[in-house]
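Student: I have a structure open and would like to go through it with you. Could we take it piece by piece?

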Amino acid sequence: AHTLTRPNGGPSEHTSEPAIMHRVPEKARSTGAALIQKSVLVEALGFLSASELVVASCVCKPWKEAAYADTLWRRICRRRWGQVWRPWGDSDPAMETENGPIPWKRRYAIAERDATREALTKDELVRYVWRFHFKAQTLEEDPNLKQYQYVRFLARRHQNGSNATEGFLHMERGYPPMRYCLEDRKLDGKTVVRVVRVENFPDHTITRRPDWRWAIDNMHVQLVSLHEHEVPQNRGVKRNRFVYPMGA
């Protein structure tokens, strides 16, 4: 180690650094220290929630820069999404643009905003498998819930290949295909709600659960959205088993 000298040329009794440090410009040395500090700050901020991170970003400019780090928000997204059901599944098509992936901070905002949406689309209705059960069924009567069915809404297709708002609900067993229609209804002449009509059964209302799954209910039954990989092996109606062109 090289012994540092005081400004008057005398040796320092308490400070020593590698000789190479004397060949590094002071500006570069301070920049390196700032980078180290930023990485430590990002690591520390990673323990905060999203709302706490927004507050921390108001402290000063260095904190704001650290709080906007893409790696930090990626960690927060993964932590948050590990606690809920992601409607877009394992891939993130909703989080991509023509110019590439959306920054993770914006992804977080998009996902949280989407989780409050209760207007299920016709394509989402067809995309998911739905876990169906009668509400009268209880865990006491069926501890393993063996009476679950994994059903699908299969839409009619327009000539351009797009899904219509109507089609057939296919159960696994016990029922023939049943006609359905996704439509908006007015309550009290003002509030518009989206419902699923199935044959002559009472209308099914659509809600968003706290875990972000979709639920379709009436007084008798409930259907809950699932991804393909969540369906037990050898169960469920297959997606491409039936095709219904308009007019069929």
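Tutor: Let us settle one term before we start: a residue is called buried when its relative accessible area is under 20%, exposed when that area is over 50%, and partly exposed in between. By that cut-off Trp 212 is buried, because its relative accessible area is 4%. Please also keep in mind that this is a predicted model.

Student: Where does Trp 212 sit?

Tutor: Trp 212 is placed in the loop between E10 and E11, and its phi is near 80°, a positive value in a residue other than glycine.

Student: OK, confidence next. What is the mean pLDDT of the protein?

Tutor: The mean is 79, with 74% of the residues reaching 70 or more. Confidence is highest in E11, at 96, and lowest in strand E1, residues 2–5, where the mean is 47.

Student: Which stretches should I read with care?

Tutor: Over residues 1–6 the pLDDT is below 50, although the model gives this stretch 20 contacts beyond near neighbours in sequence. Residues 11–24 also stay under 50, and for them the model has 21 contacts beyond four places in sequence.

Student: What does Phe 153 touch?

Tutor: Leaving aside neighbours within four places in sequence, Phe 153 is in contact with Leu 125, Val 126, Trp 130, Phe 168, Leu 169, Tyr 180, Val 196, Ile 216 and Leu 223.

Student: Why call E12 largely enclosed?

Tutor: Six of the six residues of E12 are buried, so the rest of the structure largely encloses this strand. Both of its faces are covered, with Val 221, Leu 223 and Ser 225 buried on one side and Gln 222, Val 224 and Leu 226 buried on the other.

Student: Which strands pair with E12?

Tutor: E5 pairs with E12 in the antiparallel sense over six bridges, and E11 pairs with E12, also antiparallel, over three bridges. Val 224 takes part in both pairings, being the bridge partner of Arg 131 and standing opposite Ala 215. A hairpin of three residues joins E11 to E12.

Student: What about His 133, which contacts does it have?

Tutor: His 133 lies in strand E5 and is buried, at a relative accessible area of 13%. Not counting residues up to four places away in sequence, His 133 touches Tyr 148, His 220, Val 221 and Gln 222.

Student: Now the helices. What is the end-to-end distance in H4?

Tutor: The end C-alpha atoms of H4, residues 70–81, are 16 Å apart, which agrees with the 16 Å that twelve residues should span at 1.5 Å a residue. The buried residues of H4 are Leu 72, Trp 73, Ile 76, Cys 77 and Trp 81, and because they cover an arc of only 155° around the axis, they lie on the same side of H4.

Student: And H5, which residues are buried there?

Tutor: In H5, residues 104–114, the buried ones are Trp 104, Arg 107, Tyr 108, Ile 110 and Ala 111. Seen down the axis, these buried residues fall within an arc of 165°, so they line one face of the helix. The face of H5 turned away from that buried side carries the exposed residues Arg 106 and Arg 113.

How values were computed: Residues numbered from 1 in each chain as written. Predicted model: local features only at pLDDT ≥ 70, side-chain atom pairs only at ≥ 80, totals over all residues. Heavy atoms only, no water. Contact = heavy atoms within 4.5 Å. pLDDT = per-residue confidence, 0-100. Helix = DSSP H or I, 4+ residues; strand = E, 2+ residues; numbered from the N terminus. Expected span 1.5 Å × (residues − 1). Buried < 20%, exposed > 50% of the residue type's maximum accessible area, 1.4 Å probe, protein only. Arc of directions from axis to C-beta. Pairing = 2+ DSSP bridges.
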